[in-house]
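Hi,

Here is the structure I promised to pass on. Have a look, and my notes follow below.

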Amino acid sequence: MTPNPPALELRAVTAGYDRSAPVVREASLTVAGGEAVGLLGPSGCGKSTLAKVAALLHRPYAGTVHLGGVQARGWRHRAPRAQRTAVGVVFQQPRLAADPRLTLAALIAEPLRATGRKTEALTRTGELAGSVGLGTDLLGRRPHEVSDGQLQRACLARALALRPRVLVCDEMTAMLDASTTAALVAVVEEYRELTGAALLAVGHDRTLLERWCDRTVDMPGIALPARAPAPGPNR
Amino acid sequence: MSIPAALRRRTPRGTPATGRGLRLPVSACVVAAVLLAVVLVPLLVPLDEQAVDMTNKLHAPSLAHPFGTDDVGRDVLLRCVYGLRVSLLVGVVAALTATVIGTAVGAAAGAVGGRTDRMVMRAVDVFSSVPHLLLGIFIVAMFRPGVWPVVISVGLTHWLSTARIVRAELLSLRSRDFVDAAVSGGASRWRVGVRHLLPGVLPQAGLAAVLMVPHAIWHESALSFLGLGLPTHRASLGNMIQDARGTLLAGDWWPTLFPGLFLIVPTLAIASLAGVWRERINPRRRSELML
């Protein structure tokens with residue numbers, strides 16, 4: 001009997017925005033089915049770039065991405081829709097990740113409508129909003145009319161709409177307060193328990209990721225500085 | 001408790017609040033008055049703006065002729081209204097033509113990207129290195145004088161800036177996280193374009209079109225002034241200023257002043273309205289309003 005293939009596997013990925021100076025070099029990472037992996041690294045080390053490669057949103061210069069054991073053959077629109085939608089992404093800044101013209105209801109329903117499930121969109125939008133703790137009174141509002149936390153909840157609901165097998169959370173809670181962070185982490189964990197989805201949580205908050213994830217890995221190919229002692233009260 | 005100076009909301013570009021408050025109603029009233037005049041006067045006033053009356057030539061402004069008469073006895077007010085009518089028609093149609101061409105070229109370059117984008121934008125650079133008035137003169141010279149050669153001339157020479165604006169806006173939108181989220185959510189290229197990119201680009205293209213209208217009106221007047229626009233007998237602001245040059249030297253100021261004012265005031269009002277619109281759709285301004 002062959003073991004289950006990992007939900008997400010990146011093999012020797014080199015990626016960036018300038019071929020002569022890639023941000024990520026030869027990075028490899030494996031996330032097993034149902035596993036939660038925290039990817040740690042300082043700002044600017046290429047975590048988000050690697051997360052975008054994992055979500056098939058950024059074409060790497062070299063290396064391969066495997067989803068459920070199947071190698072990704074294309075990136076962005078060239079990737080088959082089934083592979084693209086197998087990975088749900090939550091971005092760091094909800095203001096940039098939400099189309100300012102859409103109401104929260106339209107935002108949450110967008111993946112369902114985009115994949116031709118209009119009737120399902122009508123019934124599931126409220127359910128998804130409820131699952132992330134968004135009241136129905138907020139669904140008619142546009143992004144500029146709600147707080148960062150409320151908008152990030154809507155973005156999380158959008159990422160869960162197509163029931164992805166892998167969830168990539170790129171510093172999802174970096175802009176949020178502690179209670180909203182706890183609430184969003186709880187929603188993700190509830191979804192993972194229900195569906196057995198894998199999680200790649202990207203961030204630089206070691207404490208949070210070590211508590212949240214089954215294991216954490218430092219950004220491959222990056223030499224992290226030793227942990228500094230906590231600053232004193234006068235610093 | 002007073003608000004610290006550094007935290008006080010600033011008016012855009014330092015304009016005083018009273019001036020900003022008046023700009024919209026004043027511009028809107030001027031544009032509304034101009035539109036009413038050019039639509040209603042030809043319908044309600046049964047006078048011929050081309051009728052020559054040598055017994056009434058060069059009469060100063062009076063009750064019978066509020067703007068006076070020109071050197072062949074034609075009513076300057078009536079000719080100003082008819083001239084503005086032609087100028088507005090040319091301005092609006094030419095601006096729409098230029099915007100459609102510019103949006104199509106800019107959207108194609110921005111959407112396809114890569115080598116196509118570079119080639120199209122270099123072609124735009126080459127095209128814009130030729131002075132557009134010179135190119136416009138070349139185009140109108142190929143046709144007989146009339147309204148449509150002027151429209152074609154202005155339309156074909158003024159799409160470059162719109163193409164640049166649309167392409168830049170599209171490139172900026174394409175790299176936003178919400179477009180990535182749409183791609184990840186299974187949206188097709190067509191859906192991303194129509195649902196997320198186009199609504200973001202259209203306000204800028206619309207604004208470029210409105211800003212183009214006064215520019216196109218000035219171009220039409222310039223071509224007519226040079227004798228390359230409308231036929232000399234037709235009322236056009238450029239033709240009127242050209243015809244009245246000789247009388248100005250003799251001290252008859254009204255045949256030049258009023259067409260000049262009819263050219264300047266409505267174009268400033270349209271540009272001012274476009275400025276208000278630009279402030280409203282500018283995201284930085286919008287976020288200021290939210291504070």
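Which residues line the largest cavity? Keep in mind that this is a predicted model. From chain A the lining takes A:Thr85, A:Val87, A:Gly88, A:Val89, A:Pro111, A:Arg158, A:Ala159, A:Leu162 and A:Pro164, and from chain B it takes B:Ala181, B:Ser184 and B:Gly185. Two or more lining residues come from each of E6 and helix H6 (148–160) in chain A and from helix H7 (177–184) in chain B. E6(A) contributes the most, with three residues. By class, the lining has seven nonpolar residues, four polar and one charged. The volume of this cavity is about 100 Å³, and the search of the whole structure turned up three cavities of 30 Å³ or more.

Now the interface. Chain A puts 27 residues in contact with 20 residues of chain B, and about 2,100 Å² is buried between the two chains, with carbon and sulfur atoms giving 52% of that. A:His77, A:Arg101 and A:Glu110 supply 26% of what chain A buries against chain B, more than any other three residues.

A:Glu110 also turns up in a salt bridge with B:Arg195, where the closest N and O atoms are 3.0 Å apart. On the side of chain A that touches chain B, at least two residues come from each of helix H2 (81–84), strand E6 (87–90), helix H3 (94–97) and helix H4 (104–114). H4(A) has the largest share, five residues. That side of chain A comprises 13 nonpolar, four polar and 10 charged residues.

Cheers

Notes
Residues numbered from 1 in each chain as written. Chains lettered and ligands numbered in written order. Predicted model: local features only at pLDDT ≥ 70, side-chain atom pairs only at ≥ 80, totals over all residues. Heavy atoms only, no water. Contact = heavy atoms within 4.5 Å. Buried area = accessible area lost by both parts, 1.4 Å probe. Salt bridge = Lys/Arg side-chain N within 4 Å of Asp/Glu carboxyl O. Helix = DSSP H or I, 4+ residues; strand = E, 2+ residues; numbered from the N terminus. Nonpolar A, V, L, I, M, F, W, Y, C, P; charged D, E, K, R; others polar. 1 Å grid on protein atoms, 1.4 Å probe; cavity = no way out; pocket = protein on both sides within 12 Å on 5 of 7 lines; lining within 4 Å. Points joined across faces, edges and corners; volume = space filled by probe spheres on them.
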